[in-house]
Amino acid sequence: MTGFWRLIVQEVVLSAILAAGSVIGLPKLADPNASANYPLAIVVFLAMSAALVTYELLTRKPS
């Protein structure tokens, strides 16, 4: 795995952690009885992943 693809994988993992923490974790932290909004977490994860990967692909310097 090249350094570029390792970076892409790291950004996708970071997106998953941030989406789960912000959409599921923070509401549960404030109110333990709050329902988790899993579809919203999936949408946030996909949007963040797409944005980060697109940024890396657009700003990548040709080798």
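**A walk around a predicted model**

Visitor: Is Trp5 buried, exposed or partly exposed?
Guide: In this predicted model, the relative accessible area of Trp5 is 47%. Buried would need under 20% and exposed over 50%. So Trp5 falls in between and counts, with its 47%, as partly exposed.

Visitor: Which residue forms an aromatic pair with Trp5?
Guide: The count comes to one aromatic pair. Its rings are 5.3 Å apart, centre to centre, with 75° between the planes. Planes over 60 degrees apart count as edge-to-face, so this is an edge-to-face pair. The partner of Trp5 is Phe4.

Visitor: Is Phe4 buried or exposed?
Guide: Its relative accessible area is 14%. The cut-off for buried is under 20%, so Phe4 is buried.

Visitor: How far from Glu56 is the nearest side chain of opposite charge?
Guide: Glu56 sits in helix α2 and touches Phe4, Leu7, Ile8 and Glu11, leaving aside residues up to four places away in sequence. Glu56 is buried yet has no salt bridge. A salt bridge needs the charged atoms within 4 Å, and the nearest side chain of opposite charge, Arg60, is away by 8.1 Å.

Visitor: How far apart in space are Ser35 and Ile24?
Guide: Ser35 lies in the loop between α1 and α2 and is exposed, at 67% relative accessible area. In sequence, Ser35 and Ile24 are 11 residues apart; C-alpha to C-alpha, the distance is 8.3 Å.

Key. Residues are numbered from 1 along each chain as its sequence is written. This is a predicted model: local features need pLDDT of at least 70, side-chain atom pairs count only at pLDDT 80 or more; totals for chains, interfaces and linings use all residues. Side-chain values use heavy atoms; hydrogens and water are left out. Helices (H or I, at least four residues) and strands (E, at least two) are DSSP runs, numbered from the N terminus. Buried means under 20% relative accessible area, exposed over 50%, partly exposed in between (1.4 Å probe, protein chains only). Lys and Arg count as positive and Asp and Glu as negative; His and the chain ends are not counted. Contact means heavy atoms within 4.5 Å. Rings of Phe, Tyr and Trp (its six-membered ring) pair if their centres lie within 6.5 Å; planes under 30 degrees apart count as stacked, over 60 as edge-to-face and the rest as tilted.
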